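Subject: Structure for you to look over

Hello,

Here is the structure we talked about. Please open it alongside this note; my findings follow.

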Amino acid sequence: MSEKRNIALFISYVGTAYHGWQIQSNGMTVQEAMQTAVYRATGQRVSLSGCGRTDAGVHARVYVCNAPLETSIPLARLPLALNSRLPEDIVVKDARIVPERFDSRFSCRKKEYTYTVHNSRVRDPFLRGRACHFPYRLDFDRVCAAAAEFVGTHDFAAVQRQGSPVKTTVRTIYHCIAEKSGDVITVRVCGNGFLYNMVRAITGTLLYAGLGKIEPGDIAGILESRDRALAGPTLPAEGLAMTGLWYDEFTLP
């Protein structure tokens with residue numbers, strides 16, 4: 001056995017089969033699957049600290065978790081050892097020794113989530129589980145104009161799940177960008193933190209703007225009202241993925 005070191009694991013996962021990251025009593029989670037794989041590979045029982053508590057069904061193209069770990073497996077081979085014990089929808093891409101003070105959640109300075117909308121009258125079976133199908137015609141210029149209104153430091157109570165227990169609903173959004181390729185629209189939102197269902201509700205509000213149900217200029221007033229009923233719907237989890245992470249030590253992707 002080598003000495004115990006703080007090891008960060010860089011993973012990707014498709015969240016369809018999981019009840020989010022954090023261990024729960026009502027179903028399998030990504031954290032439980034990862035900790036089981038670590039135990040089977042190393043004999044060590046660890047509590048992995050994850051960079052965010054993704055909701056059930058949400059995906060992660062990039063994700064970081066860490067824990068002090070003592071193992072004789074060479075660091076370069078640790079991902080392979082873990083992947084052989086993980087289901088196919090979770091993959092460890094890399095493992096690195098990080099400073100003792102490093103914590104995947106509390107050391108993270110910024111996160112980016114991307115929501116994918118398939119805006120077409122006809123469903124695409126190859127996007128099933130990866131995008132929200134939205135068959136109604138959208139004015140994409142209005143979607144983009146509305147997205148810009150979310151940038152800055154605001155109270156985002158109007159776009160969080162009602163009843164969520166948080167100390168403050170104020171967050172800073174560094175960018176909120178809508179992009180289109182064919183009939184696929186992606187909304188990238190980067191912030192210093194997120195409330196429950198926040199990106200899904202922001203994207204639902206952008207679709208309302210694209211439909212003409214609200215004006216892009218209404219966004220400021222909706223946020224000031226703190227009234228969830230004035231914003232757009234919370235879109236399904238299947239379209240959401242974590243896509244960017246910023247730490248002092250590294251940036252992903």
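Strand β3 (residues 59–69) has nine of its 11 residues buried, so the rest of the structure largely encloses it. Buried means under 20% relative accessible area; exposed is over 50%, and partly exposed lies in between (1.4 Å probe, protein chains only). Helices (H or I, at least four residues) and strands (E, at least two) are DSSP runs, numbered from the N terminus.

This is a predicted model: local features need pLDDT of at least 70, side-chain atom pairs count only at pLDDT 80 or more, and totals for chains, interfaces and linings use all residues. Residues are numbered from 1 along each chain as its sequence is written, and side-chain values use heavy atoms, with hydrogens and water left out.

Which strands pair with β3? Strand β1 (residues 5–13) does, antiparallel, over eight bridges. Two strands count as paired if DSSP finds at least two bridges between them. In that pairing, look for isoleucine 7: its bridge partner in β3 is alanine 67. Strand β2 (residues 49–50) is also antiparallel to β3, over two bridges. Here glycine 50 has cysteine 65 of β3 as its bridge partner. Strand β10 (residues 240–246) runs parallel to β3, joined by two bridges. Alanine 60 stands opposite methionine 242 in β10.

**Aromatic pairs**

The structure holds eight aromatic pairs. Rings of Phe, Tyr and Trp (its six-membered ring) pair if their centres lie within 6.5 Å; planes under 30 degrees apart are stacked, over 60 edge-to-face, the rest tilted.

Take phenylalanine 102 and tyrosine 247: the centres are 5.2 Å apart and the planes at 45°, so this pair is tilted. Phenylalanine 102 lies in the loop between β4 (90–97) and β5 (110–118), tyrosine 247 in the loop between β10 and β11 (251–252); the pair therefore ties together parts 145 residues apart in sequence. Both phenylalanine 102 and tyrosine 247 are buried.

Tyrosine 113 and phenylalanine 194 pair edge-to-face, at 5.1 Å centre to centre and 85° between the planes. Tyrosine 113 is in strand β5 and phenylalanine 194 in the loop between β9 (184–191) and α4 (198–211), so this pair ties together parts 81 residues apart in sequence. Tyrosine 113 and phenylalanine 194 are both buried.

Ring pairs also link Phe10, Phe102, Tyr247 and Phe250 into a cluster.

**Charges over rings**

Arginine 45 lies over the face of tyrosine 39, at 3.8 Å from the ring centre. The cut-offs: NZ of Lys or CZ of Arg within 6 Å of the ring centre and within 35 degrees of the ring normal. Lysine 110 lies over the face of tyrosine 174, at 5.2 Å from the ring centre.

Best wishes
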